[in-house]
Amino acid sequence: MISEFLNMLGSAVADVLKPHGPAVAGAPSSYAPGDFSIHFFLQLAVILIACRVVGWLGKKLLGQPQVVGEMIAGVVLGPSLLGLLFPDLQAAIFPKETRNVLYTGAQLGVGLYMFLVGITLEIDHFKSKARSAFGVSLAGIVMPFLVAAAITPLLLNVPGLFAAGISTSSATLFMGACIALTAFPMLARIINERGLAKTSLGTLSLTAGAFDDAVSWCVLAIVLATFGAGPGVAVLAIVGGVGYATFLMLFGRRLLAPLGRAVERAGEMSMTVLAITMTLFCLSAFFMDAIGIHAIFGGFILGAVMPRGLFAEELKKKVEPLAVVLLLPMFFTYSGLNTRMDMVNSAELLLIALGILAASIFAKFGACYAAARIAGENNRTALGIGALMNSRGLMELIIINIGLQKGIIGPTLFSMLVLMAIVTTVMASPLFELVYGRKARASGELDALDGKLAAGAA
């Protein structure tokens with residue numbers, strides 16, 4: 001009786017999840033609009049459950065922040081685990097045909113979150129630490145490209161890592177961009193969850209990470225131009241991105257000040273002001289995406305020049321819970337769906353993967369630490385900056401997915417870079433706690449800050 005009921009239930013669910021649209025070439029049916037809706041809501045429910053459960057386990061067992069658990073949950077829901085153990089179930093919940101819808105939601109989530117991070121950014125701290133931020137940013141770019149120039153010729157001799165016929169210069173630029181990349185959204189989440197959003201260390205790391213990521217995306221645009229996209233792609237990305245950021249930094253606060261005054265007069269944020277703010281966010285994200293950088297930088301740069309005070313408090317109160325809990329996890333899951341962990345399957349390839357990992361840690365952690373020390377930061381702060389800047393996260397997965405799709409790298413190198421991204425991200429939080437967080441809490445530095453934040457939230 002129970003088995004019959006379960007079979008009937010399984011058949012009913014399978015019927016709901018199959019495509020119901022008209023036949024297309026090579027398939028008896030296609031996905032109708034209602035099918036996309038059904039899958040989208042089911043995917044959201046599965047993503048939320050997985051992120052909460054894995055995030056909780058990561059906190060309890062490994063001491064990792066929620067964001068790292070969400071990253072791992074994304075990989076768990078992809079072909080690396082769920083697809084490996086239950087391929088039919090994974091394909092039924094996340095069919096390839098529905099991933100464009102999930103991608104759009106993912107971009108909205110990560111862009112909106114970075115918009116809120118920009119609003120939290122303390123510009124005064126950056127101004128006071130401009131020398132350190134510039135030095136860390138420069139080191140985080142120069143050293144990775146020097147390391148890439150040293151290891152790329154060796155990687156080109158291994159069949160299958162890079163596309164056949166790729167030039168040494170293009171391969172070096174791509175590897176340099178991958179090593180230089182910082183997990184900007186994840187860096188922001190770690191800084192917020194560790195109570196560092198309003199500290200000079202947090203602001204310095206965010207600013208340096210934003211600059212390094214922007215440079216990496218511009219370099220990627222140059223590499224893509226050599227693969228047939230044309231030089232206009234690189235020129236548009238670099239000139240458009242720099243021009244837009246410069247315009248906002250020079251005139252943004254003055255132009256947006258009336259929004260802040262309107263909220264101060266009313267004592268709260270009206271629906272009209274919220275609608276105007278969200279429209280500006282969408283246009284900013286659209287522009288940066290359209291010129292070939294990334295939507296998240298449009299959100300972050302606009303957030304950095306938005307009014308502070310009551311405006312920022314009201315906006316975070318209305319938008320942040322939905323962005324963090326519902327929308328942002330889609331970003332991690334979408335990237336996880338494109339990740340495979342079973343490609344590094346020999347001792348030789350494992351050694352190469354470990355070599356790339358070691359070189360990447362040296363180029364980012366070591367260089368940023370040294371730059372911060374040279375700029376005058378104390379040893380503990382410099383180590384903390386190096387630990388945070390070394391995290392690659394799923395921004396790395398995005399850029400290497402582009403490399404794989406465009407035929408720049410092969411599946412094997414892709415998997416090695418995935419391994420590097422996950423290891424450097426998982427190690428970021430415990431390494432930061434070891435070199436900075438524990439002593440800061442023992443001295444009362446972070447406890448006092450947390451108290452201020454709690455008072456502000458109340």
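By about how many helical turns are Lys317 and Glu314 separated in helix H15? Point 5 gives the answer.

1. Basis. This is a predicted model, in which local features need pLDDT of at least 70, side-chain atom pairs count only at pLDDT 80 or more, and totals for chains, interfaces and linings use all residues. Residues are numbered from 1 along each chain as its sequence is written, and side-chain values use heavy atoms, with hydrogens and water left out.

2. Overall make-up. The chain has 20 helices and zero strands; both are DSSP runs numbered from the N terminus, helices (H or I) of at least four residues and strands (E) of at least two. Of its 458 residues, 52% count as buried. Buried stands for under 20% relative accessible area, exposed for over 50%, and partly exposed for what lies in between (1.4 Å probe, protein chains only). The chain exposes about 19700 Å², 70% of it supplied by carbon and sulfur atoms; the areas come from the Shrake-Rupley method with a 1.4 Å probe, and for residues only the protein chains shown count as cover. Among contacts (heavy atoms within 4.5 Å) between residues at least 6 apart in sequence, 79% join residues at least 24 apart.

3. A search of the whole structure finds three salt bridges, each defined as a side-chain nitrogen of Lys or Arg within 4 Å of a carboxyl oxygen of Asp or Glu. One of them joins Arg52 and Glu70 at 3.5 Å, N to O. Arg52 belongs to helix H2 and Glu70 to helix H3 (residues 66-76), 18 residues apart. Arg52 is partly exposed at 42% relative accessibility, whereas Glu70 is buried at 0%.

4. The side chains of Lys364 and Asp212 meet at 2.8 Å, N to O. This pair links distant parts of the chain, with Lys364 in helix H16 (residues 347-374) and Asp212 in helix H11 (residues 200-229), 152 residues apart. Lys364 is buried, with a relative accessible area of 0%, and Asp212 is buried at 0% relative accessibility.

5. Lys317 and Glu314 form a salt bridge at 3.3 Å, N to O. Because these residues are three apart in helix H15, about one helical turn separates them. Lys317 is exposed at 59% relative accessible area, but Glu314 counts as buried at 10%.

6. Packing of H13 and H15. Helix H13 (residues 271-290) packs against helix H15 (residues 310-337) at an angle of about 85 degrees, with the axes 12 Å apart. H13 is therefore roughly perpendicular to H15, a label that covers 65 to 115 degrees. From H13 the contact uses Met271, Val273, Leu274, Thr277 and Met278, and from H15 it uses Phe311, Leu315, Lys318 and Val319. The axes are lines fitted to C-alpha atoms over the stretch in contact, and angles run from 0 to 180 degrees between N-to-C directions.

7. Gly240. This residue lies in helix H12 (residues 231-266) and is buried at 15% relative accessible area. Leaving out residues up to four places away in sequence, Gly240 touches Val235, Phe287 and Ile291. The C-alpha atoms of Gly240 and Ala290 are 9.7 Å apart, although 50 residues separate the two along the chain.

8. Nonpolar surface patch. Ile49, Val53, Trp56, Leu57, Leu61 and Leu62 make a nonpolar patch of about 650 Å². Patch residues have over 30% relative accessible area and no salt bridge; like charges are joined within 9 Å, and nonpolar side chains (Val, Leu, Ile, Met, Phe, Trp, Tyr) within 5 Å. Trp56 lies in helix H2 (residues 33-62) and is exposed, at 51% relative accessible area.

Conventions
Parallel < 35°, antiparallel > 145°, perpendicular 65-115°, else oblique.
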